[in-house]
Amino acid sequence: MKVWGLTSILIVLSISVFAGSPDELIKKGWNFGVLPAVSFDSDLGFQYGGIINFFNFGDGSRYPDYNHSLYLEVSRYTKGSGVYRLNYDSDRLWDGIQTSVDLSYQPDLAYDFYGFNGYDAVYNESWTDEDTEDYISRMYYKYDNKLFRFKVDLNGNLAFKNLKWLAGVQLLNFKIGSVDIEKLNKGKSEDELLPDVGGLYEQYVGLRIIPQTEANGGFVPTFKAGLVYDTRNNKSNPMKGIWSEVSVEASPEFLGGKSTFARMSIYHRQYFTLKPERLSLAFRLNYQTKVAGHVPFYYQSQVISSVLKSSITDGLGGANTLRGVLRNRVVGDGYFMGNLELRWKSENFTFINNNFYIGLVGFSDFGRVTKKINFLIPKIMSPEDDYFDKGKERLHFTYGAGLRIAMNENFIVRIDYGKATDKRDGNSGLYMGLNYLF
């Protein structure tokens with residue numbers, strides 16, 4: 001059965017506390033926005049929960065910049081998947097230092113896994129389509145992944161104007177296993193039952209493509225340091241400026257990880273005003289690569305970020321990287337990615353003593369693996385061309401459109417629909433969440 005109603009109910013509520021009069025349009029004190037989440041997935045069950053984001057604007061002199069942001073997300077499917085997240089962000093906790101703290105637990109009973117190195121790994125859609133003769137299971141390209149994350153990011157000013165240092169520590173713990181078919185089958189009628197068969201994850205583990213020492217997950221501590229150059233005129237939706245950064249993260253085995261490794265990430269984001277306060281062009285380029293050691297397979301999909309824009313840090317493919325491409329479709333030791341957006345603020349208005357605008361976005365995303373994960377293809381994996389197509393990796397392209405509903409410049413509901421240009425990446429995706437992509 002297919003997923004219907006990714007988010008069947010989408011409501012944006014806002015309440016202002018200690019705010020100025022409607023004529024001022026300057027927010028003061030505490031404000032918050034609420035986004036409920038209600039949906040249904042035939043395998044995962046009903047989703048319920050929501051998001052609440054508190055903002056403190058102080059005396060309003062910095063508006064639309066805030067003094068403090070406190071974000072809470074609790075969203076759960078009845079079969080067990082969910083997101084439990086607390087995030088704090090402020091540049092006033094310590095004078096001159098931007099502080100971001102994130103604490104999350106994300107159990108995912110059906111986490112996507114399509115192999116390594118993009119198009120070098122064959123994706124066979126008919127194996128997951130119960131209406132075809134080749135159907136195996138809707139869970140064929142899935143495994144069970146429970147992720148715990150604690151993350152602290154800091155950045156502060158240097159002597160050179162607009163140049164900042166950044167530093168961070170992240171503690172991740174992955175608990176991985178086969179999809180719990182028995183749990184997902186509870187409450188299903190006989191003709192809806194998922195077959196109890198192994199998928200691609202089980203194939204890779206059994207044939208040692210995924211080492212036995214990594215098959216059940218593990219602990220990953222990382223430390224990060226780098227530089228940021230930031231000339232944006234606004235953090236939430238810049239109309240002009242540059243936001244570039246280079247960082248290196250390292251994970252030492254002696255602190256409890258499965259291996260020692262280091263990775264480097266380079267971002268360049270730039271924003272151009274085409275019509276003042278209304279129309280802008282924005283693009284993001286990102287290059288990430290392993291520079292030393294061995295990255296465990298369960299950490300390969302994690303994208304290095306200086307600021308978490310959402311609860312999800314997976315890539316490439318999905319809501320925050322290549323919209324329209326299957327989540328985690330493009331996984332390698334290194335990648336290059338780009339996003340291009342044309343952003344239009346079509347309508348501004350005030351409602352219940354708050355500032356709102358409606359935004360429309362047209363976008364195109366692209367990316368590819370630049371450094372492949374090396375592994376031996378077992379000769380017993382037959383027929384080999386059902387699983388591997390070596391040397392076929394190239395750029396993955398998507399295009400699409402989106403809607404933005406923004407309250408007080410900072411609480412921004414994002415709805416995107418992206419379509420892949422190659423059937424090897426799937427078909428399309430509808431995504432709902434918060435904040436502009438970059």
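The model is predicted, so local features need pLDDT of at least 70 and side-chain atom pairs count only at pLDDT 80 or more, while totals for chains, interfaces and linings use all residues. Residues are numbered from 1 along each chain as its sequence is written, and side-chain values use heavy atoms, with hydrogens and water left out.

Salt bridges come first. The term stands for a side-chain nitrogen of Lys or Arg within 4 Å of a carboxyl oxygen of Asp or Glu. Across the whole structure, 29 salt bridges are found. In one of them, the side chains of arginine 323 and aspartate 416 meet, at 3.1 Å from N to O. This pair links distant parts of the chain: arginine 323 belongs to the loop between β14 (279-293) and β15 (334-351), aspartate 416 belongs to strand β18 (residues 411-420), and 93 residues separate them. The strands named here are DSSP runs (E, at least two residues), numbered from the N terminus. Arginine 323 is buried, with a relative accessible area of 0%, and aspartate 416 is buried with a relative accessible area of 0%. Buried means under 20% relative accessible area, exposed means over 50%, and partly exposed lies in between, with a 1.4 Å probe and protein chains only.

Another salt bridge joins lysine 345 to glutamate 409, with the closest N and O atoms 4.0 Å apart. Here too the pair links distant parts of the chain, lysine 345 being in strand β15 and glutamate 409 in the loop between β17 (396-407) and β18, 64 residues apart. Lysine 345 is buried, at a relative accessible area of 8%.

Aspartate 422 and arginine 394 also meet through their side chains in a salt bridge, at 2.9 Å from N to O. Aspartate 422 lies in the loop between β18 and β19 (428-434) and arginine 394 in the loop between β16 (354-371) and β17, so this pair ties together parts that are 28 residues apart in sequence. Aspartate 422 counts as buried at 13% relative accessibility, whereas arginine 394, at 39%, counts as partly exposed. Salt bridges with shared partners join Arg323, Glu341, Arg343, Asp365, Arg404, Arg414 and Asp416 into one network.

The aromatic rings are next. A pair of aromatic rings is described by the distance of the centres and the angle of the planes. Rings of Phe, Tyr and Trp (its six-membered ring) pair if their centres lie within 6.5 Å; planes under 30 degrees apart count as stacked, over 60 as edge-to-face and the rest as tilted. The whole structure has 34 aromatic pairs. Tyrosine 111 and tyrosine 143 form a tilted pair, 5.4 Å centre to centre with 50° between the planes. Tyrosine 111 is in strand β8 (residues 97-112) and tyrosine 143 in strand β9 (residues 142-157), 32 residues apart. Both tyrosine 111 and tyrosine 143 are buried. The rings of tyrosine 140 and tyrosine 141 have centres 5.0 Å apart and planes at 85°, so that pair is edge-to-face. Tyrosine 140 is buried at 2% relative accessibility, and tyrosine 141 is buried at 3%.

Charges also sit over rings, a term that requires NZ of Lys or CZ of Arg within 6 Å of the ring centre and within 35 degrees of the ring normal. The charged end of arginine 269 sits over the ring of tyrosine 267, 4.3 Å from its centre. Arginine 343 has its charged end over the ring of phenylalanine 438, 4.8 Å from the ring centre.

On a 1 Å grid over the protein atoms alone, a cavity is a set of points where a 1.4 Å probe fits but cannot get out; lining residues have an atom within 4 Å of a point. Grid points are joined across faces, edges and corners, and a volume is the space filled by probe spheres set on the points. The structure holds eight cavities of 30 Å³ or more. The largest cavity has a volume of about 280 Å³. Its lining has 24 residues, of which Arg284, Ser305, Val307, Lys309 and Asn320 lie nearest the centre. The elements giving two or more residues to this lining are β13 (261-275), β14 and β15.

Conventions: Helices (H or I, at least four residues) and strands (E, at least two) are DSSP runs, numbered from the N terminus. On a 1 Å grid over the protein atoms alone, a cavity is a set of points where a 1.4 Å probe fits but cannot get out, and a pocket is an open set with protein on both sides within 12 Å along at least five of seven lines; lining residues have an atom within 4 Å of a point.
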